[in-house]
Amino acid sequence: MILPIYLYGQAVLREKAEPIDLSEKEEIKTLVGDLWDTIAKADGCGLASPQVGISKRVVIVDGTGLADMYDYLKDFRRTLINPVVLEESEETSVYSEGCLSIPGIYADVRRPKKIKVEYYDENLERKVEEFDNFAARMVQHELEHLDGGLFTDDVAPIRKKLIAKKLQSILARKVQTRYKSK
């Protein structure tokens with residue numbers, strides 16, 4: 001089912017999400033399916049469950065649409081349930097990010113270039129995986145949502161001032177999206 005994407009200002013986006021009970025297999029299957037349906041309609045590359053109003057530690061990332069720029073993403077689709085970052089590289093990279101919950105705003109964000117994450121996949125199998133480059137960026141962006149963070153929290157102070165008016169417009173719901181939003 002396609003769910004509405006919660007926009008900047010919704011309280012759920014600032015909450016620390018709770019781990020999902022792995023014994024709730026049907027709930028997990030439904031949530032994961034709904035996240036994939038929603039991201040397909042919204043044409044994004046990642047989505048965290050708080051972005052659809054569900055404060056649970058579940059994210060999806062899909063790099064397949066970016067394979068023309070980054071060929072290593074051609075088969076990159078992941079579901080990360082109850083993810084935990086085990087390691088982050090000291091080396092960082094900067095990239096202009098956007099977010100379905102913050103439509104129309106893009107800003108440079110510095111993140112570790114490589115991370116190691118422990119998580120459960122959609123089959124509830126435990127995985128430990130290293131992500132690097134743009135895959136690491138997508139995963140980190142979505143994991144930040146699970147702790148109540150947004151990419152706009154990570155931008156330079158001068159950039160925050162420059163986007164403040166646009167954020168106010170989103171708060172006032174004076175923004176249009178090509179997807180169902182709340």
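This is a predicted model: local features need pLDDT of at least 70, side-chain atom pairs count only at pLDDT 80 or more; totals for chains, interfaces and linings use all residues.

1. Residues are numbered from 1 along each chain as its sequence is written, and side-chain values use heavy atoms, with hydrogens and water left out.

2. The structure holds 16 salt bridges, each a side-chain nitrogen of Lys or Arg within 4 Å of a carboxyl oxygen of Asp or Glu.

3. In one of them, Asp-147 pairs with Arg-57, with the closest N and O atoms 3.2 Å apart. Asp-147 lies in the loop between H2 and helix H3 (157-171), and Arg-57 in the loop between strand E1 (46-48) and strand E2 (58-62), so the pair ties together parts that are 90 residues apart in sequence. Helices (H or I, at least four residues) and strands (E, at least two) are DSSP runs, numbered from the N terminus.

4. Arg-57 is buried at 13% relative accessibility, whereas Asp-147, at 44%, is partly exposed. Buried means under 20% relative accessible area, exposed over 50%, and partly exposed in between (1.4 Å probe, protein chains only).

5. A salt bridge also joins Arg-126 and Glu-118 (2.6 Å, N to O). Arg-126 is exposed at 51%, and Glu-118 is partly exposed at 21%.

6. Lys-127 and Asp-121 form a salt bridge at 3.7 Å, N to O. Asp-121 is buried at 8%, while Lys-127 is partly exposed at 31%.
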